[in-house]
Amino acid sequence: MPGTILITGCNRGLGLELSRQFVADGWRVLATCRDPDSAGALKALREQYPLLEVFPLDVTDSRQMAELGRELRGRPIDILVSNAGYYGPKGVTFGHVDLDEWRKVLEINTLAPYRLAETFCDNVAASGRRVIAVISSKVGSIADNGSGGGYLYRSSKTAVNQVVKSLSVDLRERGISVLALHPGWVQTDMGGPNALISAKESVAGLKKILLDTGLENSGRFINYDGSDIPW
Ligand code: NAP
């Protein structure tokens, strides 16, 4: 049975593809992005599917998030997807780290998913499915780090994994499942053209996980193909 899904960062990449696949299946999609006016592909999708609603949201803007929380108060959200993300400057090596950029990466990838869960957990608790998912990354896995570097992005995803784990414990009594998901290495602006899979393929896998999951999976770090990723 289709329900309602809220997704951040929907103007391009995985957020756009998540919006496309869920709305095509009859879901009501609450799609957020920083600048709806310039989000051409999302606007075109909205014209095709009246079930898609677009809201402005910079995930680092606490006031704007609180406003959206008030606007959506009382509306059940079956699946909340924290997708918006930022890699930061690429190719940064030891000795050349920009701390202001690091703070920005942490604001977007770590603090914002926490704040999103805090803002919308009542909406999720009031729904039938009760799922919160954070699009994390395998490069946040400490066990998987054999190549070093990537200080900004790696640390932000490792930290958000810990946020997911705590949320899974704290929100269990409200029946909410919380997952960290790795989308694969995906051909988006972030993943680049050499990435291994298309956004379509990644989202098909993520969608299956989001639709099949329940409390038994809460607190897991899951690859788009359904396999577990070591923390
Ligand atoms: P992308 O193509 O670079 O898109 C990033 C999205 O995040 C854009 O919609 C962007 O909006 C949005 N965003 C960035 N900062 C924001 C902010 N402050 N407020 C609201 N939205 C913001 O990246 P993607 O590949 O689709 O990545 C989606 C998620 O998957 C991210 O969390 C990423 O870390 C994760 N991931 C991706 C890969 C991969 O291979 N692609 C692998 C592992 C994990 P603007 O257009 O306004 O900047």
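Searching the whole structure turns up one cavity of 30 Å³ or more. A cavity here is a set of points, on a 1 Å grid over the protein atoms alone, where a 1.4 Å probe fits but cannot get out; grid points are joined across faces, edges and corners, and a volume is the space filled by probe spheres set on the points. This is a predicted model, in which local features need pLDDT of at least 70 and side-chain atom pairs count only at pLDDT 80 or more, while totals for chains, interfaces and linings use all residues. Residues are numbered from 1 along each chain as its sequence is written, and side-chain values use heavy atoms, with hydrogens and water left out.

The largest cavity holds about 40 Å³ of space. Around it you will find T8, V59, M65, S82, A84, I108, A112, P113 and L116. Helix 4 gives the largest share of this lining, four residues; helices are DSSP runs of H or I with at least four residues, numbered from the N terminus. The lining has seven nonpolar, two polar and no charged residues (Ala, Val, Leu, Ile, Met, Phe, Trp, Tyr, Cys and Pro count as nonpolar, Asp, Glu, Lys and Arg as charged, and the others, Gly among them, as polar).

Helix 3 (residues 62–71) packs on helix 4 (residues 99–125) at an angle of about 25°, their axes 10 Å apart. That angle makes helix 3 roughly parallel to helix 4, a word kept for angles under 35 degrees. Axes are lines fitted to C-alpha atoms over the stretch in contact, and angles run from 0 to 180 degrees between N-to-C directions. On the helix 3 side, S62, M65, L68 and G69 meet A112, R115, L116, T119 and F120 of helix 4, where contact means heavy atoms within 4.5 Å. Five nonpolar, three polar and one charged residues make up this contact.

Now look for the largest pocket, with about 1300 Å³ of space. A pocket is an open set of points with protein on both sides within 12 Å along at least five of seven lines, and lining residues have an atom within 4 Å of a point. Its lining counts 50 residues, and G85, Y86, Y153, T188 and M190 lie nearest the centre. Helix 1 (13–24), helix 4 and helix 5 (151–170) are the elements that each give two or more residues to this lining. By class, the pocket lining has 20 nonpolar, 19 polar and 11 charged residues.

Note on methods. Parallel < 35°, antiparallel > 145°, perpendicular 65-115°, else oblique.
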